[in-house]
Structures are given as C-alpha cells and as structure tokens.
Amino acid sequence: MKVLASGYPSLDHILPVSHSPAVGSTALILSAPDAPTFGGCGANVAVALQRLGESAGVAMVIGGDPAGHEYRHYLVERGVDVRNLIALEDEKTSFSYLFRTPDGEYQNFFYPGAADAWRGTLSLSGLTELTWALVTVAPFAYNQQFVRLARGGGVPLIWQLKPDIYAYPHDGMVEFASASRIILMNGIEADFLCTALGIDGVRGLLSETTHMVVVTRGAQGVCVHTRHGEEDIPGLLVEVVDSVGAGDGFTAGFIAGLLNGRDPG
C-alpha cells in the first residue's frame, strides 16, 4: 500500500435536475438512478489509483447496515486495502443526494451517519509501507488523529481541500495546512482557505513543510506554486461525460504521477 486516504464514505444518489430551485420553488428530477453509486473523496481516489496500477487503501468509518457491507465488498473487489476501515454495527453508512443541473452545477445534501458517530482513539495499519497519506473531507476529530499519526510516522501528507466548515474548522485548517507537504484545491477552495487563514494568496501557504500548492482552474488548467516560483499548465480539450468527482480524478492522476517520478510542472 503506497497511499492511504482518509475520508467519508458515501452512497451517492446522483440526480439530474432541470435547474437549481430557489427556496419555495420546484425543480424537476429528470431521471432517477436504479441504485446509489459508491462514492466519497478518499474512496474515489483510492479506487482510481488502483485502476491506474497503484496500491491504495482507505481509512474511514462505515456502518454495520447492508449498505456498509456492500461498500466494503465494492472496495475489496477493486483491490483497495481495507485494513483501516472501521465498521460501527449499530450505525448507518453515510449517504448523499446530489442534484446536478444541465450546466454542471450541483447541490449536495449529505448524511454523515456512522462516520460522525465514531468516537475513539485511531490507530493505523501499514504506516511504514506508505509513500503518501491523503487527507480528504471526514469528521474533524477523525482527520486530526489521522494527520497526527501520519506525521508521527514520518509519512508526508497531501491535503485535498473542500470548503467544509464542519470538516475543517479554523483551527483544523491551520493545523492541516501547516502539516501538509502538498495542498490540492480549486480556485473557490483557495479563496476559502486564504480568507480563513488571513493570507493574501496561496503562496503564503508555502513553508519548510509545505513544498507545493496546486490550484485547479477547470478548462484553464492548473497553477503549480512552489518556493521556486509558479507555473501555469494548460488544460486539455476533452469531451466532458460527467463532472461529478472530477476533483477526485485529478487527485488520483496527480498522485499517480508523483509515485512514478513525474515532474508536477
């Protein structure tokens, strides 16, 4: 196992809708899926890394319900290391309802379930095997222990940011930013983090610990910031099939590149 990713699991109900409705108004659901899909940022990245030929595991909490058993089976079938998967027998596995408009905008309603019910002292298996630890959205108390264990084990951290004040309260953002070797985010998330930390721009995140900040810009590509400067990397023209999980796909590809010695620039 080269990469261990923390995060919420999620049984995703992805529903295309006519538009984003204002409060008190109605939008049409254009089609309904037969079943939810298995999601969650950390799991998405781990599964994608396995598909790219890299060994990855997840550190997260599922429920003891049928959905939790199905989620575990899904990960195991795809070769994901589940030694750090915790199951709470009397809790439900996290799920979400994601409403996506034709132009790709979405609203997400999330039930954290077992992941937020977990209380305990975290231990992680396989730390000595790791090349990277990846932090994605999860309960703050869980992620805080994950970050501290990874740092204590000498494993460099990559932080995939999301503007979630529940997962990343102010003190958490300060700690995670200062602990991360690499920070990945989009422009909205960059503004969120810089405002929260009171810095003028993402270059203020660079330090002796944080060597790289990567800001994705959709069709405009990526800007990579290091202590040596910044580099704009243009995007590639591709046919967009579905934008859901695009950030997780980028993270998986980026990490796979790192594991294979590719220059991020």
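Helices (H or I, at least four residues) and strands (E, at least two) are DSSP runs, numbered from the N terminus.

Before going on, please keep in mind that this is a predicted model, where local features need pLDDT of at least 70, side-chain atom pairs count only at pLDDT 80 or more, and totals for chains, interfaces and linings use all residues. Residues are numbered from 1 along each chain as its sequence is written, and side-chain values use heavy atoms, with hydrogens and water left out.

So which residues of helix 6 are buried? They are Glu189, Ala190, Phe192, Leu193 and Cys194. Buried means under 20% relative accessible area, exposed means over 50%, and partly exposed is in between, using a 1.4 Å probe and protein chains only. A handy reminder: an α-helix has 3.6 residues a turn, so residues three or four places apart point the same way.

Now look at the ends of this helix. Asn186 caps the N-terminal end of helix 6, with a side-chain oxygen 3.1 Å from the backbone nitrogen of Ile188. After helix 6 comes Gly198, with a positive phi near 70 degrees.

Next, strand 8 (residues 132–135). It is covered on both faces: Trp132 and Leu134 are buried on one side, Ala133 and Val135 on the other. Strand 8 runs parallel to strand 1 (residues 3–6), joined by 3 bridges, and Val3 stands opposite Trp132. Strand 8 also runs parallel to strand 9 (residues 157–160), again with 3 bridges, and there Leu134 faces Ile158. Two strands pair if DSSP finds at least two bridges between them.

Let's move to Asn143, which sits in helix 4 (residues 140–152). Is Asn143 buried or exposed? It counts as buried, because its relative accessibility is 0%. A polar atom of its side chain lies 2.8 Å from the backbone oxygen of Thr136. Not counting residues up to four places away in sequence, Asn143 touches several residues, including Ser6, Val135, Tyr168 and Phe176.

Ser10, in strand 2 (residues 10–16), is buried too, because its relative accessibility is 4%. Its side chain makes a polar contact with the side chain of Asp12 at 2.5 Å. A polar contact is a pair of N or O atoms within 3.5 Å; within protein, one must be able to donate a hydrogen and the other to accept it, and residues adjacent in sequence count only if both atoms are side-chain atoms.

For contrast, find Arg119, in the loop between helix 3 (114–117) and strand 8. Arg119 counts as exposed because its relative accessibility is 67%. Its side chain reaches the backbone oxygen of Asp116 at 2.5 Å. The C-alpha atoms of Arg119 and Gly235 are 42 Å from each other, and the two residues are 116 apart along the chain.

One last stop: which residues line the largest cavity? Among them are Gly7, Tyr8, Met60 and Tyr142. On a 1 Å grid over the protein atoms alone, a cavity is a set of points where a 1.4 Å probe fits but cannot get out, and lining residues have an atom within 4 Å of a point. Strand 4 (residues 56–63) gives the largest share of that lining, 3 residues.

Conventions. 1 Å grid on protein atoms, 1.4 Å probe; cavity = no way out; pocket = protein on both sides within 12 Å on 5 of 7 lines; lining within 4 Å. Contact = heavy atoms within 4.5 Å.
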